[in-house]
Amino acid sequence: MVAPADPDDYRSRSLWLEGLPSELTPRPALAGDGDCDVAIVGAGFTGLWSAYYLKRLQPDLRVTVLEREIAGFGPSGRNGGFVLGGLVGPAGVFGLHGAELARAVAVTNVAVDEIGEVARREGIDCGYLKAGALSVATSEPQWKRLQSAPGEGTLLSAAETEAMVAVPGLYGGRFTALAARIDPARLVRGLADACERLGVTIHEHTAAPAIEPSRVRCAAGTLRAETVVRATESYTTQLPGQRMRYLPLYSLMIATEPLSDATWQALRWPDGLLVDDVHYLFFYAQRTTDGRIAIGGRGAPYRLLSPIDVRNERNERVRARLIRSLQRAFPAAAQAQITHHWGGPLAAPRDWSMSVGYDRARGIVTAGGYTGHGLAAANLSGRTVADLILGRDSDLVTMPWVGHRSRRWEPEPLRYLASKAIISTLGSADRREDATGRSARRVIAIRPFLPPRH
């Protein structure tokens, strides 16, 4: 195991946070009792998008955001920077098919352009570039999965895929134009600044151990509000009574040094194009604004007693696997120095499906469960939360994830054993397929526990 990130050094938590040009000095903490119209717990994308749209729609609304660390500390400041449309959850879970499915997907796709529009309007320099996303298959089993996988996009032959990026051993690919590259930390920190310009109050270094109807209890005081929004994603599992709400999983990343122009020409990788593959333990990679490859993947070990822990943010075995993925998929960059390694926890509901809920009688709103696909989904949730609170009769509040409830995960140690079995099975399936070129049937046994991509 490599050394964990310094828990007191926010810049060490990711390449993106390290590269921020602005100071990360925490905003003042809540200093005593207070009141507002809407209290939001969590200054990640869900909480900040909710605050942003609430103030845009009703400027006189008093909105306060509480954050245990700093805005963007969690996955919002550490993720892969993939802004992708599409459902977060299987269509069957939401009961969608035909025209209803097409309508729901169209609603989610709006978020891709909406994020770019807000970045432009608010002057947020986050490297937003809508150049699409390419999934690549490098074996016959992967190609079969890609051809049958749900979602939008155009299937490409091996030659057509290779013309977009020089990945060896291609069988084919799928391209979607509905995707954009960003620097997530610059976006989330810029969004926090935009919220403050609109009049939102943000208290950092303010833990909220008790979220209750009409109030949030903090160490220094109680914040009273007509409506309380819980936007804590994987950290929800640290709240009383919520441990089994999500399965907190870690997605880890590495980044190379900035690559030369000659290397980029050899890779034939255009700026802004997002690339992932179709292994069970898949990688996802972007060309960063400063010319690096940032590549990530799943498979970090799950800790029984501390599923969310700074020690989980870096792992030598996952780092080595990501380096092998980098060298295999992008050999022109195989000798590049690895300069960064980081990770963050994501929230996986039991049915792998996001939800937005509003208990109007108790005045509590909840949103999250993005399973690592939260950049566009959090924007969608933020707009939905604002419409629900303000009583707006919009298409967003009629979507099937509004009011959806996922059942809780099994208690420990069953959840721990299941997570270990899933990672072990997926890893062995990848090794078999890579070695033999034949589909690994062992995945069938764990398919009910897998997200829809698999």
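Let's start with the sheet: eight strands form an open, mixed sheet in the order β5-β6-β4-β13-β14-β15-β12-β16. Strands here are DSSP runs of E with at least two residues, helices are runs of H or I with at least four, and both are numbered from the N terminus. Two strands count as paired if DSSP finds at least two bridges between them. At the edges sit β5 (154-156) and β16 (338-348), each pairing on one side only. On average, neighbouring strands of this sheet are turned by 20 degrees against each other, direction ignored.

Before we go on, this is a predicted model: local features need pLDDT of at least 70, side-chain atom pairs count only at pLDDT 80 or more, and totals for chains, interfaces and linings use all residues. Residues are numbered from 1 along each chain as its sequence is written, and side-chain values use heavy atoms, leaving out hydrogens and water.

Now please find strand β4, residues 133-137. Are its residues buried or exposed? Five of its five residues are buried, where buried means under 20% relative accessible area, exposed means over 50%, and partly exposed is in between, with a 1.4 Å probe and protein chains only. Ala133, Ser135 and Ala137 point one way from β4, while Leu134 and Val136 point the other way. With β6 (residues 172-176), β4 pairs in the antiparallel sense over five bridges, and Val136 stands opposite Gly173 there. With β13 (residues 274-277), β4 runs parallel, joined by four bridges; here Ser135 stands opposite Asp276.

Moving along to β12 (residues 247-256), we see antiparallel pairing with β16 over ten bridges. Tyr250 has Pro345 in β16 as its bridge partner. Helix α8 (residues 316-329) packs on the sheet, touching β12, β14 (283-287), β15 (293-297) and β16. Contact, by the way, means heavy atoms within 4.5 Å. The direction of α8 makes about 50 degrees with that of β12; axes are lines fitted to C-alpha atoms, for helices over the stretch in contact, and angles run from 0 to 180 degrees between N-to-C directions.

Next, a pair of helices. The axes of α2 (residues 45-57) and α9 (residues 374-390) come within 8 Å and cross at roughly 45 degrees. The two helices are therefore oblique to each other: angles under 35 degrees count as roughly parallel, over 145 as roughly antiparallel, 65 to 115 as roughly perpendicular, and the rest as oblique. Residues making the contact include Phe45, Trp49 and Tyr53 of α2 and Leu375, Arg383 and Ile389 of α9.

Let's turn to the loops. Which residues does Val88 touch? Leaving aside residues up to four places away in sequence, they include Phe94, Trp352, Tyr370 and His373. Val88 sits in the loop between β3 (82-84) and α3 (98-122) and is buried, with a relative accessible area of 7%.

Trp352 deserves a look of its own. Its place is the loop between β16 and β17 (355-359), and its relative accessible area is 7%, so Trp352 is buried. Most residues other than glycine have a negative phi, and most peptide bonds are trans. Trp352, however, has a positive phi, near 60 degrees. Glu233, in the loop between β11 (221-230) and β12, also has a positive phi, near 45 degrees.

Last stop: the peptide bond from Glu412 to Pro413 is cis, with omega near 5 degrees. You'll find Pro413 in the loop between α9 and α10 (414-436).
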